[in-house]
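Please examine the sequence and the fold together before reading the explanation below.

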Amino acid sequence: MTVDTINVIAITTALAILATLLGRIIKRPEWLHLVWLIVLIKFAVPVTLPISIGLTVSKVNDQKSLPTLAPAASPETSGPILSEQPPVSLSPPSDPQPSHEGSATTQESVSLAQSWSWKDVSMFVWTTGSLVWLLVMSHHLLRLRRQIRSAQAAPKDMCARATRIATSLGIRTLPRMVILRGSAAPFVVLMGRRPILSLSQKSLDHFDTHQLESVIAHELVHLKRRDHWVRWVEVLATTAFWWNPVLWWTRRQLSHWEEMACDAEVMRSFPHLRMAYATALAWTFETTSDTSPAMVSGLGADTKRLLHRLAAISKDSFPSPPSRRARLVLGLLGLVTLTVAIRGQEEEETARSFTYVPTNVDEEALASALVPTSDSRDVKRTVTVGVPAKRGAILDRHGQVLAGHRLAYEWAFPSVIEGVQLSGEGVATQLDEANRILGTSWEVDANQVDAHFAKRPAVPYLFEHLLTEEQAEKLRTADLGMFLQSTIVRDHPHGELTGHLLGYLGRRTPASTGLLVEGELLGDDLEGKTGLEKSFDAYLRGTPGAIEASLDEGEHLIQAEMIESAQRGKDLVTTLDLEMHQLAREIIVNQKPDSSGGFVVMDPQTGEVLLLHSWPGYDPNLFVPPLSQPRFKTLREDPRHPLFGRAFQGSYSPGQAFKPFVALAGLNAGSFEQEFQVVCTGRVAIGDQYHSDPNHTAHGPIDLEGALMRGCHSWFYRAAQQMGLEPFQDMAKALGLGQPTGLPLPEGSGKFPNREDYGTDSFVIKMGIGYGDFTLTPLQTAQMMACLASGKQRVHTRLLKEQPREATNLNWPERNVRYVRDAFIAATNAPSSTTRPLAIPGVEMAAITSTGQWKEGRFLASAAGYLPAREPRYAFSLVLEGAPGENIRGSKDAAPIVKAFFERWLMRATR
């Protein structure tokens, strides 16, 4: 073992012995828990390997370094850092010369002997043990996750009881309560952003009211104390020190005093539950000690410790909790102890002597983005130039990266290499050789390179094409006299899936070709051109760094100094759900691979947009580096219009999705009553024009529910005739039609006609079935359905998690809303309904499909609604654009996509 490992063992053992002795003196469980927690933290901070890895860091020969312009190679780096690094040579390294002669046989024998030294064996044993431990814990966590997903939600009365207990304990964040099947110890676990409190069905059947309240109170005290975070510290420490018995003793003591501290808090807060609590604890120990989920149960199987706890509960031997001052003093003493222990170990490590060659950028080092090309000390001028900052990431609601960064490589051609001037022809010659190796056909303008070296000799000429890791590896074996430097570039890992939402980057200003000027930004000055990249450009951009460069008379660099580091941009957290987008794309590709359209899903209670998918799309990675004008023109002139975000920019007739709102508008205006019926003969004569039902079907006497169920137009023709334009306009104003919903995207506004557009009765009649000169975006249609799902408010759409919830009261009579919603739900779920293809077994839905002409010779299929019908969680809208001559229909083409999507999504959400 190494010296630092022995230090860790000695320090932690001493701390454990001290904690054990204190346990004989101190009778306060909160104090003892904190003492043992300090011992555990010493194992985890710093995490030191328990054995020597046997890695030898040897000295390297001195070599000239090439200052390069490169952000940090690691995506975790806080921002673009510039540092002076050795050049990445494309030629293979030379073989090291042996310090003395020796036969090949002797050297091979030594190598074999050293390859299985005790260090290697110990390293293998430690690595195997750590991996086994992590695999076991991962198995338990996955098993626990499955148990929770399959658990039932707790009854409302139990949740209300837990809420009262949590309020009395001062807990603000209430956990989600679930009931596990079978027998298991109660526990609180943090999975996601909201903690989960779990009870077993067996305990519910056995406990009376007071026993149940005592168990809930105990678990909520765990939550109040943040004990679930201690479990992760235990995992970290055990991964590194699984072989140390002192660690396991520490964990055992920590668990016991943690439970005692919770017992004390429950007894102080709820003294009337004393006997019920002791009874529940004993019964739980007897029935579940061997079935407790890993990492979450502190009950254990130690009868002696259980008796200790029961005795303390029955005798009320818990002292008053330590004061805030006492806890502060003890915490400071623990911090000092840890600091002294860690510092001694660090000093021992620092004493090791070796030469370190940085393989990554160093933020603290003197950095330069400019190539020194002059040995002169005659400074003509000094100029301060900027360094681009690393752009903030864009994340989905669960923290999944939608737009981040990736490592790439670029060619950097300095104007002078080892005192020799590099020319444009030389660069072109090197590129020809690289093309031969890579099988590419890249070209470079030699005159442009010469012009760059003439005006900007201090700045390396960067070739516009980025290299992949595979290409860079191939070139490392060649000696072409060029340099590779790593760089961090914008990355959209999901390509076309989120292209319309995120947008792409482009140059804010043309790349400079003249002399270096004060304040100039080195590298591409990029900004968001569309989507969220544009809307939040300033938020994502960050603050550039600054370099002070000294130049001689020929504009060659003498020296450069980093005077201010770049500050990384802020991350943007959206309401979008990446898994939902991936599922939607998978289903659409399987069912309608050549289609075009948009699919929107939002939460009608919060306004959060979960899915905003348009297809076909484009890959924003095509714009890295910035796309040339010819390539952009090709993309823009694509007949399928991949740059067009149909989900929030396309305008389409809402069709039958507007029918429930026609009925609601007429009822609110008093144009007719709920008993309003129409005798459908297959067509309606209004003035000198006839308006027909689909297929001229005669439905006879029919009311709202029947009209929605059978797709009858006559009811809505007559309703629109009696209403006139005013109720339509009032409804449009309430729903916000004819204007963008307010997302930070280039939304379309749709079109809702005003009074000046009103011409004939026929115009209003067509609006009664959702057609005419009246269009909505799929996003507007989804928000419209969310309004009906709520019935009380129009919740404004949101695309950012930090954006506050905003809503506008609808002021619709509740009686009318209830009538329309009931008719809508009944029509959707009736066996003979035209929207039956949307039905999902076991899920009541309120939805409707529609088919209509979109353009000359082209049809549109759509579906819209919300679900579950009685307690809506999702409002949706799907639009499919038919190809010329394609016979596309809502029930045949749109409905199967919606049904498959929500069937799989709801199944996934309940796992």
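The model is predicted: local features need pLDDT of at least 70, side-chain atom pairs count only at pLDDT 80 or more, and totals for chains, interfaces and linings use all residues. Residues are numbered from 1 along each chain as its sequence is written, and side-chain values use heavy atoms, without hydrogens and water.

Helices (H or I, at least four residues) and strands (E, at least two) are DSSP runs, numbered from the N terminus. Helix H22 (residues 659-669) packs against helix H28 (residues 814-829) at an angle of about 155°, and their axes lie 10 Å apart; these axes are lines fitted to C-alpha atoms over the stretch in contact, and angles run from 0 to 180 degrees between N-to-C directions. H22 is therefore roughly antiparallel to H28, a term for angles over 145 degrees. Contact (heavy atoms within 4.5 Å) involves Pro660, Ala663, Leu664, Leu667 and Asn668 of H22, together with Asn816, Val817, Tyr819, Val820 and Phe824 of H28.

The backbone also deserves attention. Most residues other than glycine have a negative phi, and most peptide bonds are trans. Arg226, in the loop between helix H7 (209-225) and helix H8 (227-241), has a positive phi of about 60° although it is not a glycine. Asn811 likewise has a positive phi, of about 55°, and is found in the loop between strand E26 (807-809) and H28. A cis peptide bond, with omega about -5°, joins Trp615 and Pro616. The bond from Leu867 to Pro868 is cis as well, with omega near -20°.

Key:
Parallel < 35°, antiparallel > 145°, perpendicular 65-115°, else oblique.
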